[in-house]
Amino acid sequence: MQHSHQSRKSSLWRQDRTAYLFLLPWLIGFFCLTLGPMLGSLYLSMTKFNLLTPPRWIGTDNYVEIFKGDASFVHSLALTFQYVFLSVPIRLAFALLVALVLNKGIRALGIYRTVYYIPSLLGGSVAIAIVWRKIFDGDGLLNHFLSLLDIQGPAWIANPNYVLHTIVTLSVWQFGSAMVIFLAGLKQVPADLYEAAQVDGAGKVKQFFKITLPLLSPVLFFNLVMSIINSFQVFTPGFMIGDGRGGPLDSTLFYTLYLYLKGFSFFDMGYASALAWIMLVIIAAFTAIVFVTSKYWVFYGDGKEGRG
């Protein structure tokens, strides 16, 4: 009996050891590539560090300077908020619209799904940002097309009044990832619910708001959280279209670009680290708001609303 008990304990120990070995690469990556750099960044945010000399501890002076006298911080944060509030709902709405069209059972669905997903793989790249700049330049492809219609188009990326909307358009073009997730969610909606609604005389619009949208709300919740997080980290379009300095007139000086300039152009890595931690808190706050409010609009299959 005792021998059997010891054998069972030995077997469980071997299983646990195997599980730990499988987890080891992830643990190494988490501590060395995620948690370690985060703690290092938190320390640097409390220092004066120019990348050339050892960090000098200054406490919370970087944070005080940011909130008291940094006009560029306020501007870049406000610009990033504008981008998030414009791009996220438009991109999600467009992704849902395309998913609804593809859900109609058209032929070669896999090909269409792949074609629509490609922009999400390429949209944030430097090459696509350069192409986008060529399209919306003063003498670019878009204005050339408008000239054929006797319309004089503005310099879209050289005019501070238009450049943000140009970048938002670029972000909407990257709807493929959200679209694929929406499409997967639409496949899970029972067809008999639509049949019953048709029998009751409900039209397409009523079916969408009473059946499709409530049952798709968990998927919408996921896409919303991911889109908010990704949108706050916008960098490449502003860097490429604004010549790496946030031009014209700081109209593309997004928060991450300002952080990059402080750290690698002005060699103030302590200040940049403080900016990074402020952004982390802002993203966490917005994510928490979505989670808390989800209990009012997210519905799960058991008929219960989401819990914050």
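Predicted model: local features only at pLDDT ≥ 70, side-chain atom pairs only at ≥ 80, totals over all residues.
User: Is Asp-268 buried or exposed in this structure?
Analyst: Residues are numbered from 1 along each chain as its sequence is written, and side-chain values use heavy atoms, leaving out hydrogens and water. Buried means under 20% relative accessible area, exposed over 50%, and partly exposed in between (1.4 Å probe, protein chains only). Asp-268 has 10% relative accessibility, so this residue counts as buried.

User: Which residue forms a salt bridge with Asp-268?
Analyst: Side chains of opposite charge can pair when their charged atoms come close. A salt bridge needs a side-chain nitrogen of Lys or Arg within 4 Å of a carboxyl oxygen of Asp or Glu. Here the closest N and O atoms are 3.5 Å apart, and the partner of Asp-268 is Lys-48.

User: How many residues apart in sequence are the parts that this pair ties together?
Analyst: Helices (H or I, at least four residues) and strands (E, at least two) are DSSP runs, numbered from the N terminus. Lys-48 is in strand E1 (residues 47-48), while Asp-268 is in the loop between helix H12 (255-265) and helix H13 (269-293), so the parts tied together are apart in sequence by 220 residues.

User: Which backbone oxygen does the side chain of Thr-47 reach?
Analyst: Good one! Thr-47 lies in strand E1 and, at 0% relative accessibility, counts as buried. At 2.7 Å, its side chain reaches the backbone oxygen of Leu-44.

Technical notes: Polar contact = N/O pair within 3.5 Å; in protein donor to acceptor, adjacent residues only side chain to side chain.
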